[in-house]
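Please take me through this structure in a viewer, one selection after another. I would like to know what to pick at each stop and what is found there.

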Amino acid sequence: MDNMINKEDPALENNNSIDPVNSFQEKPKISGKQKQGLNNILFTLGMFTLAATIWLIGGSLWDDRYYVSEEGLGYWLGICGGVLILIAMLYAFVKRKLKRNPVLMRYWFISHTIFGIVGPLIILFHTTFQVGSYNGATALIATMLVFSSGVIGRYFVVGVRNAVDETQHDKLIKYVRHWRAIHVPLLYLLFMSGVVHVIAVHMY
Ligand code: HEM
Ligand code: HEM
């Protein structure tokens with residue numbers, strides 16, 4: 001019975017208050033939610049660092065003898081990255097269909113995150129770390145904007161799940177709404193610029 005009361009009392013769940021009588025009290029431990037919040041920050045920063053590192057190191061070590069974007073490996077990297085990004089885009093439709101199935105939704109969200117990360121990173125290799133045309137530049141900027149926006153959106157969406165109280169929860173929900181208003185137009189930009197790029201590289 002005592003246990004039940006302790007569990008339900010939020011004040012007693014908080015390990016941060018120090019008992020002045022018992023000086024041998026254990027050091028306050030980091031809670032599960034705080035740990036998940038920390039993982040969330042590390043994941044977000046890690047993704048930005050990974051993309052920036054690939055671009056900077058790739059650019060400085062690149063030699064045109066390795067491969068070119070126009071044909072062979074470079075061309076196939078463009079197709080693979082492009083297809084993964086298209087699959088990531090399907091999330092918008094799947095989300096609406098699977099709304100009532102949280103388990104499948106969870107798997108789709110994880111798959112979406114993987115495709116949304118791996119696709120743009122493959123595209124970085126496809127570009128051979130250089131930009132030579134306006135259409136290529138626009139497609140690349142749009143890809144990296146959607147990638148960055150996705151990483152930031154994930155930070156908020158996962159943050160909602162890990163929210164420690166209602167105020168934080170409501171605040172993050174508001175951020176997710178604002179974020180979506182930016183993310184969705186960026187998706188259109190990516191789709192359009194990708195199509196223009198593919199047409200342009202086959203025309204000229
Ligand atoms: C969102 C996906 C893609 C992005 C961001 C992207 C970006 C780029 C960039 C930055 C270049 C370097 C040369 C330039 O600036 O024009 C390039 C070259 C090229 N890409 Fe893509 N690409 C994508 C998808 C594709 C796909 C799916 C194909 C093929 C179906 C493709 C075919 C090519 C070809 C043939 C070149 C060489 C053309 C040239 O150097 O002018 N790309 N791409
Ligand atoms: C080029 C890559 C990407 C594309 C094309 C893409 C596409 C999409 C689409 C179409 C949606 C649904 C928007 C809606 O109608 O509400 C979405 C939502 C989302 N994406 Fe991405 N995304 C990409 C990358 C990423 C990345 C890298 C992450 C995280 C690491 C991410 C995280 C999210 C999150 C958190 C949502 C909202 C989830 C929800 O409301 O259920 N995305 N994305």
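Begin with Arg 100, which counts as exposed because its relative accessibility is 81%, above the 50% cut-off. The model is a predicted one.

Arg 100 sits in the loop that joins helix H5 (91–97) to helix H6 (102–126).

Which protein atom is a donor to the iron atom of ligand 2? NE2 of His 112 is the single donor from the protein, at 2.1 Å from the iron.

Then select Asp 63 and Arg 65. These two residues form a salt bridge, with 2.6 Å between the closest N and O atoms. Side chains of opposite charge can pair when their charged atoms come close. Colour the pair by accessibility: Arg 65 is exposed, at 73% relative accessible area, while Asp 63 is partly exposed, at 22%. How many salt bridges are counted in the model? The count is one.

Finally, zoom out and switch to a cartoon view of the whole chain. The chain has eight helices and zero strands, so the order of elements from the N terminus reads α-α-α-α-α-α-α-α, helices being numbered from that end. Colour by burial to finish: 28% of the 204 residues of the chain count as buried.

Note on methods: Residues numbered from 1 in each chain as written. Chains lettered and ligands numbered in written order. Predicted model: local features only at pLDDT ≥ 70, side-chain atom pairs only at ≥ 80, totals over all residues. Heavy atoms only, no water. Helix = DSSP H or I, 4+ residues; strand = E, 2+ residues; numbered from the N terminus. Buried < 20%, exposed > 50% of the residue type's maximum accessible area, 1.4 Å probe, protein only. Donors = N, O, S within 2.8 Å, 3.2 Å for Na, K, Ca; no water. Salt bridge = Lys/Arg side-chain N within 4 Å of Asp/Glu carboxyl O.
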